[in-house]
Amino acid sequence: MAKLVYILNGPNLNLLGKRQPHIYGSETLADVERECAALAAELGVKIRFLQSNTEGQIIDWIHQAREEAAGIVINPAAYTHTSVAILDALNAFDGPVIEVHISNVHKREAFRHHSYVSLRADGVIAGCGTEGYRLALRRIVTVAGTQA
Ligand code: DQA
């Protein structure tokens, strides 16, 4: 059976393509989902692509991932810099976790330089635009393989 990878997106990423396009580009989150789904089919894995503006919902999805996912790609958006609760949830997940940021957070405001999620992430991709999601998916497959 093909492995399942969760791709989780945090607050405001539903506005991708409309929100600060000079920073985040003009692609929508639906475009990113389509590209990830195409790559997943090529690689032989399944994806669940999700977005929420609510911290608790993201935590519930991480708990769900414990039961069924081989790995997690996560762009926690602003929760990256604030959420001990998302870090704790990820610490309860056993598979590979890759943290993605569309922008290069290290070139931006100082408050974006610290990530709670990086204390758990096996890899971090920042500043590669929306391609970062596909790079992260490839990495999950490299580490976890494709078959459950
Ligand atoms: C982001 C960077 C965060 O600092 C910001 O709060 C976001 C998006 C990125 O993808 O570049 O909402 O995670």
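1. The shell around the ligand consists of Asn12, Asn75, Ala77, Ala78, Thr80, His101, Ile102, Ser103, Val105 and Arg112; a residue is near a molecule if its C-beta atom, placed from the backbone, lies within 6 Å of it. The model is predicted: local features need pLDDT of at least 70 and side-chain atom pairs count only at pLDDT 80 or more, while totals for chains, interfaces and linings use all residues. Residues are numbered from 1 along each chain as its sequence is written.

2. By type, this shell holds five polar, four nonpolar and one charged residue. Here Ala, Val, Leu, Ile, Met, Phe, Trp, Tyr, Cys and Pro count as nonpolar, Asp, Glu, Lys and Arg as charged, and the others, Gly among them, as polar.

3. An unreviewed UniProt entry gives the feature "active site" at Tyr24 and His101; such annotations may be inferred rather than shown by experiment, and positions follow the numbering used here. The two are spread over 78 residues of sequence but cluster in space, with a largest C-alpha distance of 9.4 Å.

4. Tyr24 belongs to helix H1, residues 21-24 (helices, H or I, are DSSP runs of at least four residues, strands, E, of at least two, numbered from the N terminus). Leaving aside residues up to four places away in sequence, Tyr24 touches Leu16, Arg19, Ile102 and Ser103 (C-beta atoms, placed from the backbone, within 7 Å).

5. His101 sits in strand E4, residues 97-101. With residues up to four places away in sequence again not counted, His101 touches Asn75, Ala126 and Gly132.

Terms used:
Two residues are in contact if their C-beta atoms, placed from the backbone, lie within 7 Å.
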